[in-house]
Amino acid sequence: ALMEQQQGDYEKAIALFKQVKKRYRGQNAYQVKQQAEANIKGSKKAIRQGVTDRTEKLTQLDSTINSPYSEFSPTFLNDTAILYASRKVDSLIEVDRGARAPKRTRFYKARFEADEGWQHHGPWQNLSDVDGNLGNGAFSPDRKRFYFTKCRFSTDDQAMRCKLHVAERNGDSWEDPEKLPAPVNTEGSSSSHPATATITKSRKEQQVLIFSSNRDQGRGQMDLWYSVYDPADNSYDRPRNLGRKVNTKRDEVTPFYDSATDKLFFSSNGHGGFGGLDVYAVTGEFGRYRDDPEHLSAPENSPADDLYYRRYEGKAGFLVSNRPGVQALKHKTCCDDLFATQLPARDTAEQLLAKTLKGKVVTEKPKDTSAGESEKKTVVTLRQTDTASREESVLVRDTLSPEDSGRFRLSVQALAEEQSFYLEASREGYQQATSDSLSRKALANTQ
């Protein structure tokens, strides 16, 4: 029944789910029949809406980003730049039982180019020397911590084991990451898919880490949990389950909290959607949800797996899916690709400004090529100044790695008339440099 549903043959799926309800007498019969009824409702909804594998209103990222292996876990650097995880190979990797795969998943960068769309911009140098399979990145609300998942394949039971890790920002670089302690990570279980949020409880703001885990005391297989982070002593309290309105007897994964709407998005195969993992949204008091989740319609949801729903302040959005049409190694739904649900705003008469500033910090290679010097990173910052109050703030920042050869690219949007701007470049051991002040009018004519 589930396979027919994921193929999009909803009439056959409904007939088989009805047989499950009528004839099943095995373990957990009540729960199985409940799940079958939920999938019948989801299949009927798909028929009413004419759901197919269509991707209109979605933009599949091109082959510089999507590869025959899976791409997953888009994470926003800003509204026109993301990190994502991939193995970046174009042929099947064959590994003997018990051996390690020669190629690991790593973080890569992509940026939105006004004329070319989303383009691959190479590996993210942070965490590049960390062992294991890396993915599922998430910045803390204050951007001072970067959470991610590190996974290893267990030869004992032929299963992937994942743990949550965090890297702390130190100026313009990142410290070596550490595995989060118990009770966030627990022995014998996997913890993955971190997301962060700032919530208000009892009139007090709290930073929370949301993640999925198959630990004991859960409601099903992978459940969504959250832990409150205390910046005073850099500690995490005992994780709490997000409750029965969110978690089912099956899997809930890839959470994302949209602070603009106070909505928690996640994917689940237990709420009876169109097939496989579907995207849902829940609103209400965080951690005490009372209403049933909202099931997103097509094309965000399809008969295939749909997960990692993300959006950035209403300016850009992403989704990961293995629906037919993805780049695939063996069959048409084997592997996940990145899709844009909403592209960053382009230049229009209605917009105040949307420009890309690009240039080079240096025009010559440094004479000092020692290891310590070559590892230093250059930071380029676009600052804005309110002409009335003279208050300054950071608009956007780019950290240049050695392979960038001093080239920077900053995308800016929605700049007000009463602001002026200047560029600032800094590097450890060098005198900081700033540009002349730029007006909004000057920026409008600057590339």
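Analyst: A residue counts as buried when its relative accessible area is under 20%, as exposed when that area is over 50%, and as partly exposed in between, using a 1.4 Å probe and protein chains only. The model is a predicted one, in which local features need pLDDT of at least 70 and side-chain atom pairs count only at pLDDT 80 or more, while totals for chains, interfaces and linings use all residues. Residues are numbered from 1 along each chain as its sequence is written, and side-chain values use heavy atoms, with hydrogens and water left out.

A pair of aromatic rings is described by the distance of the centres and the angle of the planes. Rings of Phe, Tyr and Trp (for Trp, its six-membered ring) pair if their centres lie within 6.5 Å, and planes under 30 degrees apart count as stacked, over 60 as edge-to-face and the rest as tilted. By this rule there are 22 aromatic pairs.

One of them joins tyrosine 84 and tyrosine 108, whose ring centres are 6.1 Å apart and whose planes meet at 35 degrees, so this pair is tilted. The pair links distant parts of the chain, 24 residues apart, with tyrosine 84 in strand E3 (residues 81–86) and tyrosine 108 in strand E4 (residues 106–113); strands (E, at least two residues) are DSSP runs, numbered from the N terminus. Tyrosine 84 is buried because its relative accessibility is 0%, and tyrosine 108 is buried because its relative accessible area is 10%.

Another pair is formed by phenylalanine 139 and tryptophan 174, with ring centres 6.1 Å apart and planes at 45 degrees, so this pair too is tilted. Here as well distant parts of the chain are linked, since phenylalanine 139 belongs to strand E6 (residues 133–139) and tryptophan 174 to strand E9 (residues 173–174), 35 residues apart. Phenylalanine 139 has a relative accessible area of 9% and is therefore buried, and tryptophan 174, at 14% relative accessibility, is therefore counted as buried. Both residues belong to one aromatic cluster, which is formed by Phe107, Trp124, Phe139, Phe146, Phe148 and Trp174.

Finally, there are charges over rings, a term that applies if NZ of Lys or CZ of Arg is within 6 Å of the ring centre and within 35 degrees of the ring normal. Arginine 215 lies over the face of tryptophan 225, at 5.6 Å from the ring centre, and arginine 323 lies over the face of phenylalanine 339, at 5.8 Å from the ring centre.

Definitions and conventions: Helices (H or I, at least four residues) and strands (E, at least two) are DSSP runs, numbered from the N terminus.
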